[in-house]
Amino acid sequence: MYAYVIRRLLWAIPVLVGITFTIHTVLSLTPGDPVRIMLGETATEAQIEAARAEIGLDRPFLERYGFYLGNVIRGDLGESYRNKRNVSDELLDALPATAQLAVAALVLIVLFGIPTGVISAVYRGTWIDAILTTASLVGLSMPVFWIGLLLIYFFGFTWPILPIGGMRDGLASYVLPAFTLALNSYAMISRLTRSEVLETLGEDYIRTARAKGLAFSAVVWRHALKASFIPIVTVIGLQFGLLLGGAVLTETVFSWPGIGRLMVDAIMTRDLLVVQGAVLVLAIIFVAVNLAVDLIYAFLDPRIRFA
């Protein structure tokens, strides 16, 4: 098991290096001069060149990337071009808001996705199944930004009962953005739970349990759902990583002060080091979640360690 853990950790290193190189390349090829944006239209060419030399933008591409990677390895993500704050401090300020939103969305996914999937499987082919299946397909097909704007219109203006921006109003602030962020993943978990429970209900030991006189509800919730839980938990773990990384649109729509909104603001002002830092942090979280899921799988099924 230890060899498998070390092997998976070593695989994460080239993945993260590849991500830093890709985002560095993409940002370097993106039109726009961050120094001109930072200094404004009144800056002279001499001031622009001096500022470019000061932050290292006058160096060749590979030299800039090597310098950046060396700093990252030492734990230094650089300074924001915009406000001269340490990028690490900006990310640490924004990360809790993103994590709280992702956890709130995950709670909604678990609370509603698994039960509706089980109910849909139990009532397969009935009008209940049809309604829940349709709701899942609608949830999967609606774009996140469109859901958010729709919720803002109805619950912010038509029936103004919930806050539509920021996190100043306590738990009520989480309702609309968490629902928006959770909807796509809820639909996926509900469909997965339905298919897994349906497959398990056809197993011989389930029929044996029914033949022994166990109540159908006990067979479903204690045996069928328990047997279906491993793939469901695995996908929920992966979804958590996607929720953290996919919060960009939701945070922008609801003015949520998280990493996603910080990254969008940094892109608008060409604050390259903040963008790179935000992408790197989200990538590390995603890789860590995937690694944790793989390790859980390897723990449950030893054959995976030798695959």
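Predicted model: local features only at pLDDT ≥ 70, side-chain atom pairs only at ≥ 80, totals over all residues.
**Salt bridges and a nonpolar patch**

Now, what does arginine 85 form a salt bridge with? The partner is aspartate 93. Their closest N and O atoms sit 2.8 Å apart.

How many salt bridges are there by this rule? The count is two.

On to the other pair. Aspartate 129 forms a salt bridge with arginine 194. Here the closest N and O atoms are 2.9 Å apart. Look at where the two partners lie. Aspartate 129 is in helix α6, residues 127–141, and arginine 194 is in helix α8, residues 172–201, so this pair ties together parts that are 65 residues apart in sequence.

Are these two partners buried or exposed? Aspartate 129 counts as buried, because its relative accessibility is 6%. Arginine 194 also counts as buried, at 14%. The cut-off for buried is under 20%.

Next, the surface. There is a nonpolar patch of about 920 Å². Phe145, Trp146, Leu149, Leu150, Tyr153, Phe154, Trp159, Ile161 and Leu249 make it. Which helix gives the largest share? Helix α7, residues 144–158, with six residues.

Take one member of the patch, Phe145. Phenylalanine 145 is found in helix α7. With a relative accessible area of 41%, phenylalanine 145 is partly exposed. A patch residue needs over 30%, so phenylalanine 145, at 41%, clears that cut-off.

Definitions and conventions. Residues numbered from 1 in each chain as written. Heavy atoms only, no water. Patch = residues over 30% accessible without salt bridge, like charges linked within 9 Å, V, L, I, M, F, W, Y side chains within 5 Å. Areas by Shrake-Rupley, 256 points an atom, 1.4 Å probe, with all protein chains shown as cover. Salt bridge = Lys/Arg side-chain N within 4 Å of Asp/Glu carboxyl O. Helix = DSSP H or I, 4+ residues; strand = E, 2+ residues; numbered from the N terminus. Buried < 20%, exposed > 50% of the residue type's maximum accessible area, 1.4 Å probe, protein only.
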